[in-house]
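Dear colleague,

Please find below the structure that I am handing over to you. My notes on what was found in it follow directly after.

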Amino acid sequence: EKPDGSPVFIAFRSSTKKSVQYDDVPEYKDRLSLSENYTLSISNAKISDEKRFVCMLVTEDNVFEAPTVVKVFKQPSKPEIISKAPFLETEQLKKLGDCISKDSYPDGNITWYRNGKVLSPLEGAVVIIFKKEMDPVTQLYTMTSSLEYKTSKADVQMPFTCSVTYYGPNGQKTIHSEQAVFDIYYPTEQVTIQVLPPKTAIKEGDNITLKCMGNGNPPPEEFLFYLPGQLEGIRSSNTYTLTDVRRNATGDYRCSLMDKKSMTASTAITVHYLDLSLNPSGEVTKQLGDALPVSCTISASRNATVVWMKDNIRLRSSPSFSSLHYQDAGNYVCETALQEVEGLKKRESLTLIVEGKPQIKMTKKTDPSGLSKTIICHVEGFPKPAIQWTITGSGSVINQTEESPYINGRYYSKIIISPEENVTLTCTAENQLERTVNSLNVSAISIPEHDEADEISDENREKVNDQAKLIVGIVVGLLLAALVAGVVYWLYMKKSKTASKHVNKDLGNMEENKKLEENNHKTEA
């Protein structure tokens with residue numbers, strides 16, 4: 001139906017011909033679709049589509065009509081506060097700003113809020129002027145609401161917002177604007193001080209800035225800053241910077257207004273520190289068997305954690321050397337940190353070198369085939385000694401000298417020989433400290449002789465020690481078991497003595513009776 005109520009036919013469908021006919025209505029050209037179940041669809045909805053539609057059923061006998069009203073909705077844009085006042089003065093009625101929301105259909109209402117609470121018109125304090133405009137082309141509405149407001153000190157940092165309430169297909173809805181905070185001009189009544197940048201903890205070497213602020217507006221531009229222990233203030237802007245602070249900068253810091261020194265604010269600053277002293281440190285060279293006390297001393301503003309590392313492996317406890325071994329050599333690091341203070345860590349290192357003169361032990365072993373003998377020269381020392389073999393007498397070297405890896409100041413060199421007669425092998429080990437020589441007599445291959453046991457390696461020595469500990473544990477366990485069994489037996493015998501007395505007494509009476517009977521028999525005989 002047209003706005004004047006006159007009908008316009010727009011679509012027709014016959015139940016017999018199954019055909020669809022669309023009338024020539026310009027505003028609905030190419031926007032209509034009438035399905036087989038007589039559902040009319042309109043695409044690309046417009047505001048002008050909001051009108052009354054009638055479904056007419058024509059039969060041979062009658063005409064039936066069923067009307068429906070189509071409503072068109074358009075959600076407005078998010079409201080925005082524009083034309084904001086640069087500042088507001090207390091006890092003065094002044095325009096705060098305009099709240100505007102565009103492209104709405106139908107039109108909506110605008111509401112103002114202060115700190116989330118609705119602002120209602122109040123004579124001399126709150127003045128709200130609302131207006132709406134419709135675009136003649138799009139038929140969409142733009143709503144504008146102006147707010148004049150009388151501020152007070154309570155409005156400092158107070159958020160103002162506005163909202164638009166409109167109707168949609170599912171009922172009434174509301175959209176809120178972003179918050180707006182306005183400068184309120186009034187005299188300073190309180191001074192505050194803060195540390196920038198905000199940190200949970202300050203450490204030596206940091207740069208810190210003190211910022212002093214007044215709660216008046218416009219804010220004060222100059223202040224007096226008082227450092228710990230100083231009576232005279234330092235004139236500065238609202239900030240004062242301390243660079244590369246040290247531990248003696250710990251204390252209370254104050255600031256005040258230039259014209260009101262009694263109006264002050266203070267803050268306490270603690271500068272955390274961490275000192276580490278490792279003795280000895282750097283590269284230290286000691287001799288095998290020497291004692292080396294090591295201390296890592298910590299001085300800190302609060303409890304610190306200490307970690308010892310050796311060759312990048314964490315140690316369970318701090319190192320202590322009463323008698324140095326070659327395996328004690330390495331790079332030791334003492335590291336400490338204040339966990340609550342980010343970036344405050346210290347570390348010192350000790351590179352321990354354990355030197356020792358070459359020590360030699362020679363062993364020999366006959367091959368089970370009886371055709372060769374293996375001679376081994378076990379050497380200890382640091383720096384790594386060089387090994388040299390010499391042989392006196394006749395014989396042949398079956399293969400080249402074979403050397404083991406150099407681990408913890410130890411390694412060995414071995415050769416295999418088949419001596420035709422008695423020979424003497426000499427092993428020479430030499431490093432920067434000393435030259436050591438040792439010899440071993442080896443009988444001819446045809447002469448049997450006693451083999452000497454090989455040197456026990458560190459790993460095998462640990463296995464032997466573990467086996468010895470196991471044997472000792474088993475023996476101690478057996479002794480304890482025997483002790484317990486002895487105590488139990490003693491208690492048992494103690495309890496049995498009393499009972500045995502009674503049994504012996506009864507047995508004695510029985511034997512006497514038996515002897516009397518035997519005597520009676522003899523007498524009768």
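The protein chain contains one helix and 39 strands; helices (H or I, at least four residues) and strands (E, at least two) are DSSP runs, numbered from the N terminus. Please note that this is a predicted model, in which local features need pLDDT of at least 70 and side-chain atom pairs count only at pLDDT 80 or more, while totals for chains, interfaces and linings use all residues. Residues are numbered from 1 along each chain as its sequence is written, and side-chain values use heavy atoms, with hydrogens and water left out.

Overall figures

Of the 525 residues of the protein chain, 31% count as buried, where buried means under 20% relative accessible area, exposed over 50%, and partly exposed in between (1.4 Å probe, protein chains only). The accessible surface of the chain comes to about 34100 Å², and 51% of that belongs to carbon and sulfur atoms; these areas come from the Shrake-Rupley method with a 1.4 Å probe, and for residues only the protein chains shown count as cover. Among contacts (heavy atoms within 4.5 Å) between residues at least 6 apart in sequence, 57% join residues at least 24 apart.

Nonpolar cores

A nonpolar core is here a set of buried Ala, Val, Leu, Ile, Met, Phe, Trp, Tyr and Cys residues joined through side-chain atoms within 4.5 Å. The largest has 27 residues, of which L96, W112, L119, L147 and Y149 touch the most other members. Two or more residues of this core come from each of β9 (93–104), β10 (109–114), β13 (141–150) and β14 (159–168). Beyond its neighbours within four places in sequence, L147 is in contact with K94, K95, L96, G97, W112, L119, V126, V127 and I128. Another core, of 21 residues, lies apart from the largest one and includes C212, L227, C255 and I269.

Backbone features

Two cis peptide bonds deserve mention. One joins L196 and P197, with omega about -10°; P197 sits in the loop between β18 (191–196) and β19 (202–203). The other runs from N279 to P280, with omega near -5°, and P280 belongs to the loop between β27 (274–279) and β28 (282–287).

N115 is in the loop between β10 and β11 (117–118) and is partly exposed, with a relative accessible area of 45%. D311 lies in the loop between β30 (305–310) and β31 (313–314) and is likewise partly exposed, at 42% relative accessibility.

With kind regards
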